[in-house]
Amino acid sequence: MQTFDQSAVSPAAPEEVWKLLYDPARFPEWWAGVGSVEPGGDAGDYTMYPEGYPGFPMPQALETSQENGAVKVSCLVSDLCFDWRLRPSGSGTEISVHVEIPDHEAHRLDTQRDIIRQSVLRLAELAAARG
């Protein structure tokens with residue numbers, strides 16, 4: 001299994017970052033490569049459509065814990081797992097994500113590093129602009 005971590009600090013309060021992080025409908029605003037999102041039938045499930053591929057549904061599982069500032073997204077197609085965490089940092093918020101990529105998807109490692117780097121920064125900036 002391939003793994004990597006990425007983080008950034010936003011001047012926004014944790015509550016402002018949380019509003020963007022826990023709601024999959026908001027992912028297209030900040031998660032690079034996410035074109036659109038459709039709610040699923042079960043709580044915590046949704047379908048993501050990659051940017052530029054509106055006919056390629058990718059079911060996802062979502063687990064959230066506001067108490068722990070944690071959001072875990074698991075792709076049910078490629079088995080990639082994104083474990084997002086929020087922590088107060090001074091007057092702002094540290095946003096971190098741990099990514100796990102199974103060996104059969106290892107060829108996507110460099111692309112995912114770039115996507116997540118962009119996404120963490122976008123999330124931090126968007127939360128700051130809204131707060």
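Reader: What is the relative accessibility of G35, and how does it count?

Author: G35 has 37% relative accessibility and counts as partly exposed. Here, buried means under 20% relative accessible area, exposed means over 50%, and partly exposed lies in between, with a 1.4 Å probe and protein chains only.

Some ground rules come before the rest. The model is predicted, so local features need pLDDT of at least 70 and side-chain atom pairs count only at pLDDT 80 or more, while totals for chains, interfaces and linings use all residues. Residues are numbered from 1 along each chain as its sequence is written, and side-chain values use heavy atoms, with hydrogens and water left out.

G35 sits in strand 2. Helices (H or I, at least four residues) and strands (E, at least two) are DSSP runs, numbered from the N terminus. Although G35 and E51 are 16 residues apart along the chain, their C-alpha atoms are separated by 3.7 Å. With neighbours within four places in sequence set aside, G35 is in contact (heavy atoms within 4.5 Å) with P28, Y49, P50 and E51.

The C-alpha atoms of W18 and G44, 26 residues apart along the chain, are separated by 16 Å. Beyond neighbours within four places in sequence, the contacts of W18 include T64, S65, A70 and L86.

Next come the aromatic rings. A search of the whole structure finds eight aromatic pairs. One is formed by W18 and Y22, which are stacked at 5.7 Å centre to centre, with 5° between the planes. Rings of Phe, Tyr and Trp (its six-membered ring) pair if their centres lie within 6.5 Å; planes under 30 degrees apart count as stacked, over 60 as edge-to-face, and the rest as tilted. W18 counts as buried because its relative accessibility is 8%, whereas Y22, at 37%, is partly exposed.

W31 and W84 form an edge-to-face pair, 5.4 Å centre to centre and 70° between the planes. This pair links distant parts of the chain, 53 residues apart: W31 is in the loop between helix 2 (27-30) and strand 2 (34-39), and W84 is in strand 6. W31 is buried at 6%, and W84 is buried at 0%. Ring pairs also link F27, W30, W31, Y46, F82 and W84 into a cluster.

In soluble globular proteins, nonpolar side chains tend to be buried together.

Two loops remain. F56 lies in the loop between strand 3 (45-50) and strand 4 (58-65) and is partly exposed, at 42%. D79 lies in the loop between strand 5 (70-75) and strand 6 (81-89). D79 has a positive phi of about 65° although it is not a glycine. Most residues other than glycine have a negative phi. At 45% relative accessibility, D79 counts as partly exposed.
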